[in-house]
Amino acid sequence: MIRLSYHVANHWVSSTAEETLNFLKHFVALFLLGLAATSVQAAASVHEYRLANGMKVLVKPDHRAPVVVAQVWYKVGSSYEWSGLTGVSHVLEHMMFNGTKKHGRGEFSRIIAEQGGRENAFTSRDYTAYFQQLEKSRLPISMELEADRMHNLVLDPKIFAKELKVVMEERRTRTDDQPRSLTYEQFYAAAFTNSGYHNPTIGWMNDLDTLNVDDLRAWYKEWYAPNNATLVVAGDVDPDDVYAMAKRYYGDVPKGKAINFKPRQESEQHGERRIVVAAPAKLPFILMGYKVPVLATAKDEKEVYALDVLTGVLDGGNSARFARDLIRGRQLAASAGASYSMYARINDLLILQGIPANGHTIQEMEAALRGHVERLKTELVDEKELQRIKAQVIAAKVYEKDSVFYQAMSLGILESVGLGWQKQDEYVDKIKAVTAEQVREVARKYLIDDHLTVATLKPLPIDPNKAPVMPLPERH
Amino acid sequence: MKIPTSYRPLIILLIGIALVTGYAWMSGDMHEPVKVKGLAIKSWTTTNGARVYYVPATSLPMIDVRVVFDAGSARDGKQFGIAQLTNELLPEGAGDWNAQQLAERFEDVGADFSNDAERDMAVISLRSLTEKKWLDTALETMATIISQPRFDQKDIDRDRQLQLVSIEEQQQSPEAIADKLFYKNLYGDDHPYAHSSMGNKATLTSIKREDLVAFHKQYYVGKNAVVAIVGDVDEKQAHQIAEQVVGTLPAGETPAALPEPKPLAKSVTVRQVYPTTQTHLLAGVIGLERGDKDYFPLYVGNHILGGSGFSSRMMAEIREKRALAYSAYSYFLPMHVRGPFQMGAQTRNDKAEETLKLMKQELRTFVAQGPTADELEHAKRNITGGFPLKLASNKNIVQYLAMIGFYKLPLNYLDKFNQQINAVTLKQIKDAFKRRVDPDKLLTVIVGADAKQQ
C-alpha cells in the first residue's frame, strides 16, 4: 500500500488505470524488489553494436509476439544536477515532446499514435529514457523520430513557460499533496549532502520557478548526444536488421564532446540524522535509511549481493520476516517494507519503512525495525529462508521474460549506470552463492547507527480551513 | 484453431503519415500489411459449473491461473466491506495451514500469489513455474485457499484492523476522497456500486465470523466462478488444473443480477474542502455495462475526448494549450451493470474554477458536435494499430480471458475487436453520446482548498 516509485517522474500519466498500474509495476519491480530486479538471459541472446558516433545499440530478440519496444537511454538524471538547477533533466524530458526543426509540437506523439504505438518517457536519478511500443514493422518510424530529437530539438521559450507549469502541477500531484512522498523527499535530502541523490527528481519548487530556457539548452547540449546514449530494442526483430536500421537513422547524428562529470560521492556520515516532517495526514510513517554500497561502487561485489539477500530476508514476500513478525505476529505494523536498489549509480540507502498498526506508535515501529536489524547482526539467517529467496530469484528470471518492455528496461538500466548489460547474467549465480555468514557480515558492517538517517511523518490534523501556503509560481 | 484477423494494409497508414511528414521510412521495406493472430480460446465448464477459458503459451515454462468470482463489493449487501474482508482472509489460513505456512508454500517454489476484491470481481491469481513438483505445490495451495479458508477469529480481527487503516489511508488522499464521493453521489445510497469496497468503520466492526463464512459459502461456488489459464500446459492439463483449483467447491447458485442504476435527474455538485495545494476535479454520469450495444461508438468517442493521452481533446485544451494540469482524462468503466463515465483533472486551487469550466465545455461541445472525420480516422488507427500490444504477454492475455469469461463476452471478442472499431461511424458516436452522456445531468466533485482563503 505504500507508494513505491518515488524516484521517477515522467512525461504523462497513462489514461487507463491498467496501463498506469503496469507502468508503475515495472518500476516497483526494478527499483525496489531488488531480488527481482534483473532478468537473466543467456549472454548470446543480447546483441551489442556500436555506431561510429559512439552510440551503443543493444538488441534483444523475443519472437513471442509481433511487437517491438524501442528505448533510448541517456546517461543523465537528477543525480547529475546541482543546487539551483534541480529538475532540469525532467523538464527537458517534457520538452523533448514539444517540437524539433522537422516536427512541430506534439507531432511526435501524434505520429506514434497513428501507428498504434504507445510511448512515454521517464526521468530518474541516474538516467532519462524515452520509449515506444509498436507493432514490429513500425520500428523505423520510432527511430527516425527519436534520432531527430536527439539533436534537432527546438526549445521555444513560450512553450517552455507552459511546460514548466505542467511540471509544477506534476510536482503538486506527486509530492506536495502526498504526505509520504513529502517525507521521502526530505529524507533523501537529509541523508545525502553533497551527493546528487540529495535532489528530488522532480526538482525543488523554487528551482523550477527560476529555471529558464537557457538552462535547458545547456543541459541538452551537454548530455544529449549519441556517445552518451544507448538504444535498446527488444521484440520480434532480427538483430542485424536493427543494427542496419540504427546506422541509417542514428548514424548521422553528430557525436558530442567527451562526457566528463564529477562523481560527487557522498562524504562520510558521522552520526545518526533524524528529521520530522509535519503535514496534514491520518497515518504516521517512518523511514530508516542506512548508507550502503551498490554494485557500481562496491569494492567487494559479494557484499552487494549479500545486502540484496538481506533485504529479501526482511521483505521478500508474505512469508518474510516483516510480514511474519511485524504484521501478523506482533501486529505492530499495518505496513512494513525493506528496499535496496543495487543498480543505483552511486552509493545509496538500504531503506526500512513502516506504518504502525492502530494502537501502536511510531516509536514502537522504530524499535521493532531496529530489533530486526539487531537480529540480522547476531543470528545467522535460517537456511530455509535463504533457499526460499533463491527459489524466488530463479522463478522471477522466467517471469520477467513475459514482458518485452521489462527485458529492454533491465538492459537500459545496467548500461546507463555504467555496469554494462552483461551484469544481468551474473545475478542468479551470485545470489545463489550468498551465505548466511555473509548476510550477517554486511548487517554488522553497514547497518550501523552512525550511517543511519531516520525520517518520521508526524500527522497534523486535516483542517479544511488551513490550506497550505502555496508560493504562486508566476513567471517573470 | 487460430483465427487470423485481417488488417487494413499498412500502406494506407503510410499515406496518412506522408500527408503529415513525408519521411524516409516511406521508401523503406514496409509494404507488408500487419498480420496479427487472434487468440484460440478454448472454453468449457467444470463438473460443478465453473466456466474455464484457456490459451496455451508454450514458449516459457510458466503458467498464469486467474480465478474470478462474482463476489466483489457489489455483493456486500448492508455489510459494506465484507467482500473485501472475505477475499483478504482467504490466504490467512486454509485447510491445515496458517498464513505463514501458506505463504511459505508459495514462496518456497517461487510462485506469485495475489488476491483482491473490486466492485464486480473477487480475484485470486497465481503465477508459477510449470516444473511439476513446484506447480503441484502451488496449485494445491491455491485450491485450498479458495475452497477451505479457515476464517480464524484472530486473523479476522487483524485483517479488519488493516482494512480500517486502509480506510484512513484513503482519508489522507484527496484523490481517494474525490473518488469515493463520486461513486456515492453518482449511484445514490441504495445502489451496490455506491460504497467503497473497503466499507466503513461501522459496517466493518459489525461483521462477525459467521457472516464471512456465509459470504464465502454463498459466493465462492462453482456456478459463480470463472477460471482463466494461460501457460505451458496442454488442454488435458488445463482441464485437470481447473478441476483442482475450483472443482471441489459446491456448485451453488449464480447470484441475482444487480439492480440497474438510475442516472441523476439533474446536475449535482459536491464540494469537500481539503487542505491541499491542488484541487481534484471529477465530473461524470452513469455510463456503460459490459457487452453494451453502444460500447464501441462510446469507446472510440471517448478515445478522442479524453482517453488517449496527448491525442485527446482534454489533454490538448487543459494541458497543452493552458498548462492547467499534469493529467486530464476521461474514461468509461464498463461493469456488470452500468459503470461510470468519468472526466478528471487536478490543478492548483486558484485555477480550479477555470479548469472545471473547460472540462464541462469540452464535454458539451463533444456531445453536441461529435468528433471530426480526421479525429475518428486517427483514433481508429491508434486503436487498431496498437492491437498487437494488447496480446503481447501472458499477463495481458490471462486478464482478457478472465474479463471475457466474467462478463460473458463472445469468445471471438478480441478477434473481432478491430473490425468493430473500424465499423464505428461519426454518426454512431454522436448519437451514442447524445443518448448516454447528458451534460445537463452531470455529477461534479470538487476536493481541494478554497482558493479564496490562500
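This is a predicted model: local features need pLDDT of at least 70, side-chain atom pairs count only at pLDDT 80 or more; totals for chains, interfaces and linings use all residues.
Chain B contains 17 helices and 15 strands. How does its radius of gyration compare with the globule rule? The value for chain B is 24 Å, close to the 22 Å that the rule gives for 454 residues, so chain B is as compact as a globular protein of that length. Along its principal axes, the C-alpha trace of chain B spans about 65 × 60 × 35 Å. Of the 454 residues in chain B, 54% are buried. If we take the contacts in chain B between residues at least 6 apart in sequence, 81% of them join residues at least 24 apart.

Let us now look at the interior. In soluble globular proteins, nonpolar side chains tend to be buried together. In this model the largest nonpolar core has 280 residues, and the members that touch the most others are Val227(B), Ile229(B) and Leu401(B). Please find Ile229(B) in the structure. Leaving aside residues up to four places away in sequence, Ile229(B) touches Val52(B), Tyr54(B), Ile63(B), Val65(B), Ala238(B), Ile241(B) and Ala242(B).

I turn next to the domains of chain B. The assignment gives domain 1 (4-37), domain 2 (42-246) and domain 3 (268-453). The C-alpha centres of domain 2 and domain 3 of chain B are 28 Å apart. Their contact takes 24 residues from domain 2 of chain B and 27 residues from domain 3 of chain B. On the side of domain 2 of chain B that touches domain 3, the elements giving two or more residues are β4 (51-56), β5, α6 (174-187) and β10 (225-231) of chain B. Helix α6(B) gives the most to that side, with eight residues. By class, this side of domain 2 of chain B has 15 nonpolar, three polar and six charged residues.

Chain A is divided into domain 1 (9-250) and domain 2 (273-460). The centres of these two domains of chain A, taken over C-alpha atoms, are separated by 26 Å. Here 42 residues of domain 1 of chain A are in contact with 52 residues of domain 2 of chain A. Which element gives the most to the side of domain 1 of chain A that touches domain 2 of chain A? It is α6(A), with nine residues. That side of domain 1 of chain A has 24 nonpolar, twelve polar and six charged residues.

We come to the contact between the chains. In total, 82 residues of chain B are in contact with 67 residues of chain A. Helix α5 (residues 153-171) of chain B supplies the largest share of the side of chain B that touches chain A, namely nine residues. By class, this side of chain B has 37 nonpolar, 30 polar and 15 charged residues.

The buried residues of α13(A) are Glu385(A), Leu386(A), Arg388(A), Ile389(A), Gln392(A), Val393(A), Ala395(A), Ala396(A) and Tyr399(A). In chain A, they pack against α10 (301-315), α15 (427-432) and α16 (436-446). In chain B, they pack against β5 (62-69), α3 (99-108) and β9 (122-129).

Pro263(A) is in the loop between α9 (239-250) and β8 (273-280) of chain A. Is Pro263(A) buried or exposed? Pro263(A) is exposed, with 9 other C-beta atoms within 10 Å. The C-alpha atoms of Pro263(A) and Gln392(A), 129 residues apart along the chain, are separated by 35 Å.

Gln331(A) lies in the loop between α11 (321-329) and β10 (333-340) of chain A. Its phi is near 55 degrees, a positive value in a residue other than glycine. Gln331(A) is partly exposed, with 18 other C-beta atoms within 10 Å.

Lys408(B), in the loop between α15 (394-406) and α16 (413-423) of chain B, also is not a glycine and has a positive phi of about 55 degrees. With 10 C-beta neighbours inside 10 Å, Lys408(B) counts as exposed.

Thank you for your attention.

Conventions. Residues are numbered from 1 along each chain as its sequence is written. Chains are lettered from A and ligands numbered from 1 in the order in which they are written. A residue is buried if 20 or more other C-beta atoms lie within 10 Å of its own, exposed if 12 or fewer, and partly exposed in between; C-beta atoms are placed from the backbone. Helices (H or I, at least four residues) and strands (E, at least two) are DSSP runs, numbered from the N terminus. Two residues are in contact if their C-beta atoms, placed from the backbone, lie within 7 Å. Ala, Val, Leu, Ile, Met, Phe, Trp, Tyr, Cys and Pro count as nonpolar, Asp, Glu, Lys and Arg as charged, and the others, Gly among them, as polar. Domain bounds come from an automatic or database domain assignment. A nonpolar core is a set of buried Ala, Val, Leu, Ile, Met, Phe, Trp, Tyr and Cys residues joined through C-beta atoms within 7 Å. The radius of gyration is taken over C-alpha atoms; the globule rule is 2.2 Å times the number of residues to the power 0.38.
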